[in-house]
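This report describes selected packing features of one protein model. Please read it alongside the coordinates.

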Amino acid sequence: MAMLLVLFVQPIYAEANTGNEDSAGVLHFVDGKGQWQEPALVLGSDFDVRVSGLIADSTLVRTFRNTSDQWREGVFVFPLPEKASVYGLTMKVGERTIVGEVQPREEAKKTYEKARDSGRHAATVEQQRPNLFTTRVANIPPGETVSVELSYQQLVSYRDGVFELTVPTTLTPRYMPGAPLAARPQEWQGGWAVPTTEVPDADAISPFTVDVDDVAADSHRASVRFTIDAGLPLARVSSPSHELASRQDGQVMMVQPQAGEIVMNRDFVLRWQPLAGQEPGAAVFHQQWEGEDYLLAMVVPGRAGKTRLPRELTFVIDTSGSMAGESIQQAREALQLGLETLAPGDRFNVIQFNSQPHALFVQPEQATANNLARARQYVSRLKADGGTEMASALTMALESQRMSADEFSEGTSPEESSRVRQVVFMTDGAVGNESALFSQIRRQLSDQRLFTVAIGSAPNRHFMREAARWGRGSYTAVQDPADISGPLVRLFAAMEAPVLTDIEVSWPSLSASMQEDSFPRRPGDLFQGEPLLQVVRGVPPVGELSVSGRLPGGATWQKSLDLQQAASGSGLNRYWAREKIDSLLDEARIAGEEPDKARVTSLAVEHSLVSPYTSFVAVDKTPARDPESTLVKDQLPTLLPAGSQPGMARYPQTATVAPLLVALGLLGLMFSVAIVLLRRRAYL
């Protein structure tokens, strides 16, 4: 009985320590009666986005208003676009403006903590993931407001004649695989998760996620403004996420939400489309920064003829708890659309995963009417629950396709040898171990292609884009539940055959050292509607850029760009620096080595960028708070993404003695039963 008690108590107490359920523990923001209380800090956000050509430059102002009678430190974990380059930080307190500077990460942390502890106003911004950042604001006076202004830029997405830009406002709680590194201490943590063997910074990337009714009526609201100068006449501007109000001045379009301020519980997605016949076939931009030339080129190949190859297609669908609600409905519908694209001669399989993967077939089967009917019925019954063990699902999908390819490698028909092997991964990407998954994709990919479909109102876009890049496929987002078919029809049509393979890019007078500063160094295949983007440093706008590749059927395609016709661009140096840093990190990951920290830090400081090894910090010189007075830390929550189930909320909590009391009660019950049995035996 003692052994059974130990086995029973251990998992209960371990579960209480994970903080994964809002029913465990005690709420952090509570009043004297133990009831939920709104956070003392009211959060406001203002996005001002200016688009020029292919670069979007954004100013994000966060305001932290202290409604309490105590000095506060605000900590807020928030998303930014997955390729955002944060290059400026300014803090405003009353009439004072403090401009931040980039420092090595540990140095910036010490600078901030020293200022905080001495009572001075201070702010810092550090990167947790390429699309996830943390802002800390110290010594917010009672009843006062402190604002932090961030400047960042991103590249505008272009595909199938449509430009797209995303402003993330919240994030889906991520699954943290692995065993806890240590027992959780009995004190408040920075996040709802504890560090694990696979996600050692889990507590830093798991902000509390609450319902919109759990914060003040004027908190977690944002104003958003876009000014679009695309350099060509526009036919329409639209959004799958919000109703728009727009006005045009010449070729410049001003756009904002029709409702005014928006609730920060879904990504804001904006799309614009040029007039028919005005779609860019090629464009080149030039900037000179500190004596160096930077060029950014975009080339869009023409549409190729329809050369369809037989395929082996594996659909992988995320059925974990984070997909509950609208997300699982979208994923089921998306998968059903994918099944409709299969033709006689194709092979396919369906894999679902949550805490563990499960496949419809042991191996890919022929796309017969009977097999497709079984698949449709299987998909219609899928429900969302459990964890997000993505690694095992990737292994099942990629390894089964590789084994299938090996099985048919000898003595196969020409049709089998030319079969295209593809994996379509449908998920919200709510995982914390992204880096390990990217390495796994590279190891197991072989000659397959991995395509990702982002599901939900606030997916992990960084994971989705990077997984597709490592998988030599492409990324598609499903934003509008009313128009799932639009983006997916284009994706499945493009998957039938690449437009361009064996791509080569040749810059004029490009030396070997300059070749190292051209990104991407090895362009992947282009699928229908996708552009080739290339950025280079050290090449003047003279001569011609040549791009060539191979079309389906073996014909050669080539296009030249006159660099002297380059349009003026801005922020190209930061875009190049971001690509250079990502390249250094990728090389280290592939080699299984530690990244060149000194080189990454030097690049980030030179171009004033936040990176894994650098942070922005702004410090006021004059103390505002008496160091002897109390400073209260508030971990500001994010809002639960729209369409998610209420059970996905992650409130602040800590472990309680409830499991111990349950265990003691059971122990007493066991002893009572034992005594009764012994007494009955004695009487017998």
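Into how many nonpolar, polar and charged residues does the lining of the largest cavity divide? The lining comprises 8 nonpolar, 4 polar and 5 charged residues, where Ala, Val, Leu, Ile, Met, Phe, Trp, Tyr, Cys and Pro count as nonpolar, Asp, Glu, Lys and Arg as charged, and the others, Gly among them, as polar.

The model is predicted: local features need pLDDT of at least 70 and side-chain atom pairs count only at pLDDT 80 or more, whereas totals for chains, interfaces and linings use all residues. Residues are numbered from 1 along each chain as its sequence is written, and side-chain values use heavy atoms, with hydrogens and water left out.

**Cavities**

There are 6 cavities of 30 Å³ or more. A cavity is a set of points, on a 1 Å grid over the protein atoms alone, where a 1.4 Å probe fits but cannot get out; lining residues have an atom within 4 Å of a point. The largest cavity holds about 130 Å³ of space, a volume being the space filled by probe spheres set on the grid points, which are joined across faces, edges and corners. Its lining has 17 residues, and those nearest its centre are Pro 79, Asn 131, Pro 459, Asn 460 and Arg 461.

**Helix pairs**

Two packed helices are described by the angle between their axes and the distance between the axes. Axes are lines fitted to C-alpha atoms, for helices over the stretch in contact, and angles run from 0 to 180 degrees between N-to-C directions. Helices (H or I, at least four residues) and strands (E, at least two) are DSSP runs, numbered from the N terminus.

| Helix pair | Residues | Angle | Axis distance |
|---|---|---|---|
| α11 and α12 | 572-591 and 597-606 | about 170 degrees | 10 Å |
| α3 and α4 | 326-340 and 369-380 | roughly 175 degrees | within 10 Å |

The helices α3 and α4 are therefore roughly antiparallel, a term for angles over 145 degrees. Their contact (heavy atoms within 4.5 Å) involves Arg 332, Leu 335, Gln 336 and Leu 339 of α3 with Leu 372, Ala 375, Arg 376, Val 379 and Ser 380 of α4. By class, these are 5 nonpolar, 2 polar and 2 charged residues.

Helices α11 and α12 are likewise roughly antiparallel to each other. From α11, Trp 576, Lys 580, Ile 581, Leu 584 and Leu 585 meet Arg 599, Val 600, Leu 603 and Ala 604 of α12. This contact has 7 nonpolar, no polar and 2 charged residues.

**Sheets and strand pairs**

Two strands pair if DSSP finds at least two bridges between them. Antiparallel β6 and β34 (614-623) are joined by 4 bridges, and Glu 101 has Val 617 in β34 as its bridge partner.

Another open sheet has 4 strands in the order β10-β11-β18-β14, with antiparallel pairing. Here β10 (157-159) and β14 (234-238) are the edge strands, and the twist averages 20 degrees from one strand to the next. Strands β11 (162-167) and β18 (268-274) share 5 bridges, with Thr 166 opposite Val 269 in β18.

The antiparallel strands β4 (85-93) and β5 (96-99) are joined by 4 bridges. Met 91 has Ile 98 in β5 as its bridge partner. In this hairpin, with 2 residues between the strands, Gly 94 takes a positive phi near 60 degrees.

Key. Angles under 35 degrees count as roughly parallel, over 145 as roughly antiparallel, 65 to 115 as roughly perpendicular and the rest as oblique. On a 1 Å grid over the protein atoms alone, a cavity is a set of points where a 1.4 Å probe fits but cannot get out, and a pocket is an open set with protein on both sides within 12 Å along at least five of seven lines; lining residues have an atom within 4 Å of a point.
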